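This report is meant for someone meeting the structure for the first time. It takes up the ligand and its surroundings, and then turns to a sheet and the domains of another chain.

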Amino acid sequence: MSDTKYLFKRDQTWWVKITVPRTLRDVLGYDLRRSLHTSDLEAARAARAEVVAEFRGRIAEARARKDEALARACGAPLPSESGSASSAGFEITAREDFSDVTYLLEVHHPMLARAAAPGQFVVVVSHERGERIPLTIADFDRSAGTITLVVQAVGKTTREMQERCQVGTRLSALVGPMGIPSEIGKAQKVVCVGGGLGVAPIYPQLRAFKQSGAYVIGVVGFRNRELVFWQEKFEEYCDEFIICTDDGSAGIKGLVTDGIEQALARHADVDRLVAIGPPIMMKACAETTRPHGIETTVSLNPIMVDGTGMCGGCRVKVGDQTRFACVEGPEFDGHAVDFDDLMSRLRRFSSQEKQALEAWSEATAGARQG
Amino acid sequence: MAKKKTIRTIPQERTPIPVQDASLRVQNFSEVALGYGKEDALLEAERCLLCPDPACVKSCPVAIDIDRFIEKITEKDFRSSYDILTDANLLPAICGRVCPQEDQCEAVCPVGDTLEPVAIGRLERWVGDLALAEGWTSSPHIEPNGFRVAIVGSGPAGIACAADMAKAGCEVTVYEALHATGGVLRYGIPEFRLPNSVIDAEMESLTRLGVKIECNTLVGRLFTLEQMLDEMGFHAVFIGSGAGYPSFMGIPGESLHGVLSANELLTRCNLMRAGEFPKYDTPLDLGARVAVIGAGNTAMDAMRVSLRSGAEKVHCVYRRTRDESPAREEEIGHAEEEGVEFHWLTAPVEILADAEGNVSAMRCIRMELGEPDDSGRRRPIPIERSEYDFEIDTVVYAIGTNANPVIGQTSKLALNKWGYLEADEDLATSMAGVFAGGDIVTGAATVILAMGAGRKAARSMQVYLGIRDSESVYAPEHIGNEGKLFGIEIGERNFSRVRVQ
Ligand SMILES: Cc1cc2nc3c(=O)[nH]c(=O)nc-3n(C[C@H](O)[C@H](O)[C@H](O)COP(=O)(O)OP(=O)(O)OC[C@H]3O[C@@H](n4cnc5c(N)ncnc54)[C@H](O)[C@@H]3O)c2cc1C
Ligand code: FES
């Protein structure tokens with residue numbers, strides 16, 4: 001048998017080729033090859049050894065450099081390498097259950113934690129067949145390299161995540177921070193309102209207002225005392241903190257709008273209000289401040305797909321304009337937003353949502369019995 | 001050499017491409033045009049006259065040596081044919097499928113003066129597919145030069161630029177906002193026209209060149225361009241973020257249930273696989289009667305995806321005529337065969353709703369063509385009192401897209417008045433070291449133009465970085481650039497970048 005180790009022929013010319021070890025392919029490519037500029041096998045064999053030796057040297061060198069880089073990276077990860085979107089996904093590092101529908105997830109993504117600002121959101125895909133859902137960033141810890149998401153299990157995806165997303169598991173995709181960060185501005189006295197799924201997302205904004213020197217009044221709404229969470233966290237950054245519950249079991253009895261009325265009655269000089277929550281609540285907040293002419297910001301949560309401005313599914317009506325909430329929002333002037341349009345568009349997939357939920361419930365029930 | 005071919009000696013008929021039967025294919029997402037077999041390709045290649053001064057090469061945006069690759073087919077040297085193709089075009093299997101050949105190379109083919117032009121696109125596709133099947137790659141030996149280059153967006157512009165920079169020896173990272181690569185190739189163009197397996201294979205050849213691909217990374221928001229050039233240590237950046245932002249018309253009824261953009265429809269189906277709902281979580285609310293506004297490639301795709309996703313009747317509403325439609329001729333033909341009803345010279349004026357806020361009908365007005373406008377196309381003018389309604393459940397907008405705003409929002413790059421990135425003839429932007437190309441510069445165009453722009457930007461970047469003779473496979477052993485920029489230590493920041501002509 002003829003000896004053609006490391007040799008191959010292309011267009012009558014002999015080449016040397018060495019396959020690069022898998023771990024070095026990102027630096028060296030799939031293989032190293034060089035033409036020997038001869039069509040004669042004997043001549044090629046003679047020239048081979050030198051080239052092979054050189055290639056081996058390059059591979060050894062690349063390996064050494066890589067090891068060194070690796071050691072360096074472990075000490076101080078480069079921004080382009082930490083928190084990158086590996087196929088393995090994004091690890092959940094902590095979880096807390098506030099009630100049987102509300103849960104907190106902490107996800108490891110150092111770059112995202114570094115970039116996140118109040119008012120922004122992320123898009124999450126929980127598993128390969130999952131949908132892309134937007135979730136507001138409820139908190140971020142730059143030193144730990146984590147972001148916090150607080151999720152309400154309302155539909156199929158969020159309920160499934162409630163079951164699947166345990167500490168140590170991974171989200172299949174996580175991208176952000178998306179949207180334009182909140183304008184903290186120069187407001188002197190601010191009311192920050194959070195209700196339902198908006199309680200957690202209002203927190204980073206409230207903190208930012210406090211840190212910018214404003215007098216901050218927090219107003220948050222829950223159904224009852226059992227569902228209250230983060231009270232201490234809020235109180236740390238609030239000059240006044242008003243909890244509103246439907247049944248009066250904690251704080252005042254009533255809706256967040258009652259809390260706002262109370263705050264406005266005490267402070268005639270409130271110059272800004274920010275509300276995050278269900279559209280119906282944000283609409284009521286905007287109506288409460290409208291007669292007072294207080295600048296009111298709301299954070300909209302339309303149905304999204306990509307979150308990058310590419311599909312227009314997230315379009316909302318603000319004044320007489322159509323805006324894409326994912327790239328031009330999510331925050332808009334509450335007095336200009338067409339909430340009825342938003343609420344109608346949020347019902348767009350209600351029948352499919354129901355179908356998905358039923359299919360999933362049956363499947364999981366089946367799995368539990370089986 | 002064989003006897004010189006003449007128009008009389010070549011096969012007279014264009015070799016037909018086998019296609020799936022229209023009645024069958026509307027029920028599946030498998031590829032419609034099945035592609036040539038080897039015999040078909042050999043026969044069709046014989047039709048090329050091998051003109052001494054081939055017009056087709058000049059009208060190809062990336063100047064593929066069309067005559068040479070076809071000649072190699074006739075010589076049955078398919079591997080060389082592939083090498084010639086990939087010298088100019090990284091993605092022959094893709095471009096052979098989606099390029100508007102009838103307006104480019106095939107439009108100027110002299111054979112087309114008397115007969116049908118040589119089916120250059122089909123031949124390109126055949127060679128590209130053969131290479132994928134055989135596992136051929138044209139990955140050259142790459143000599144690292146120490147430069148780090150970042151690419152924003154993994155659409156055709158981004159990947160073409162990435163490939164060239166990697167071949168030149170740079171360490172290239174591609175950042176993509178979505179969870180999958182390919183840009184419009186993946187989320188827009190459907191499976192039956194461009195199978196995902198083809199995109200995957202082409203991406204694979206990119207990673208084989210050593211290119212790193214990072215999905216789930218929204219550049220501008222996760223880190224800014226300034227950060228990339230500064231703390232992240234990239235020496236140059238290319239932006240190919242596309243023109244994904246869909247337009248609406250601003251007529252009454254656009255926020256009703258059942259009105260969506262073609263991009264949303266296609267993304268739900270292609271990227272998120274809504275067709276397999278509820279196995280896949282993403283739903284799609286498509287009614288039985290769908291009207292698509294517009295008649296470009298996007299519109300054709302939206303219509304044909306609708307037919308395959310359960311729509312019973314699909315209408316196309318376009319304010320000009322078939323002749324002005326910007327779609328590939330083949331796609332219009334396929335849509336017609338599949339039963340799309342075309343309403344040429346028709347424009348919607350209002351979308352009507354039922355009591356629950358769902359779309360129930362569309363009011364349209366008939367148009368006639370007037371004088372040519374700036375684009376040279378005759379301007380459509382509404383015919384007074386010609387309004388009529390027709391019943392519909394879903395309205396899909398495919399009337400074009402605008403610039404994606406994210407990069408503009410998060411950087412100081414100069415934009416033009418429509419929001420596209422400002423770039424000079426070398427595709428350099430207003431920020432030193434940052435180049436841009438593809439739809440984000442030109443507005444929505446074509447795959448091949450985006451690729452051409454990516455390659456052009458790569459050449460400019462190489463000049464900017466001072467990389468010489470980048471095409472050469474045999475770079476000198478050590479050019480001493482590691483850790484240095486123009487021979488100056490990177491750590492030393494007391495010099496400013498200049499652009500080299
Ligand atoms: C449905 C449809 C069908 C088409 N059919 C054809 C056809 O048959 N033939 C043809 O020639 N052309 C066709 N086109 C046009 C063609 O696809 C485009 O012109 C081409 O894809 C543009 O390439 P690009 O690289 O500039 O941008 P894109 O393909 O749009 O890619 C841009 C990529 O950048 C990503 N991105 C955007 N912003 C960021 C960011 N900030 N950070 C990170 N990533 C980002 C996007 O997610 C996307 O993946 C079609 C277009 C559509 C929509
Ligand atoms: S979510 Fe697609 S454009 Fe906003």
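## Polar contacts of ligand 1

In this predicted model, an oxygen atom of ligand 1 lies 2.9 Å from a backbone N or O atom of B:Val447. A polar backbone atom is also involved at B:Val184, which is 3.0 Å from an oxygen atom of the ligand. At B:Arg193, by contrast, the side chain takes part, with one of its N or O atoms 2.8 Å from an oxygen atom of ligand 1. On its own, ligand 1 has 1,000 Å² of accessible area, and the protein covers 96% of that area.

## The shell around ligand 1

How many residues lie around ligand 1, and which of them come nearest? There are 35, and those that come nearest are B:Val98, B:Glu176, B:Arg193, B:Val219 and B:Asp439.

Seen by element, two or more residues of the shell come from each of α10 (156–167), α15 (297–308) and α19 (447–465) of chain B. Of these, α15(B) gives the largest share, which is three residues. Seen by domain, the shell takes at least three residues from domain 2 (148–244 + 406–465) of chain B, and at least three from domain 3 (256–401) of that chain.

## Domains of chain A

Chain A is divided by the domain assignment into domain 1 (1–75), domain 2 (89–181) and domain 3 (189–346). Taken over C-alpha atoms, the centres of domain 1 and domain 3 of chain A are separated by 62 Å.

## A sheet of seven strands in chain A

Chain A also holds an open sheet of seven strands, in which the pairing is antiparallel and the order runs β9-β4-β5-β8-β7-β6-β10. At its edges are β9 (170–171) and β10 (173–178) of chain A, each of which pairs on one side only.

Within the sheet, strand β5 (residues 102–108) of chain A is joined to strand β8 (residues 146–152) of chain A by seven bridges in the antiparallel sense. In this pair, A:Thr102 stands opposite A:Gln152 of β8(A).

## Strand β6 and its partners

Strand β6 (residues 121–125) of chain A runs antiparallel to β10(A), and four bridges join the two. Along this pairing A:Val125 stands opposite A:Ala173, while A:Val124 has A:Leu174 as its bridge partner in β10(A). β6(A) is likewise paired with strand β7 (residues 133–141) of chain A, again in the antiparallel sense and over four bridges, and here the bridge partner of A:Val122 is A:Leu135.

Is β6(A) mostly covered or mostly uncovered? The strand is mostly covered, with five of its five residues buried. In a regular strand, side chains alternate between the two faces of the sheet. For β6(A), buried residues are found on both faces, with A:Phe121, A:Val123 and A:Val125 on one side and A:Val122 and A:Val124 on the other.

Technical notes
Residues numbered from 1 in each chain as written. Chains lettered and ligands numbered in written order. Predicted model: local features only at pLDDT ≥ 70, side-chain atom pairs only at ≥ 80, totals over all residues. Heavy atoms only, no water. Near = heavy atom within 4 Å. Polar contact = N/O pair within 3.5 Å; in protein donor to acceptor, adjacent residues only side chain to side chain. Areas by Shrake-Rupley, 256 points an atom, 1.4 Å probe, with all protein chains shown as cover. Domains from an automatic or database assignment. Pairing = 2+ DSSP bridges. Buried < 20%, exposed > 50% of the residue type's maximum accessible area, 1.4 Å probe, protein only.
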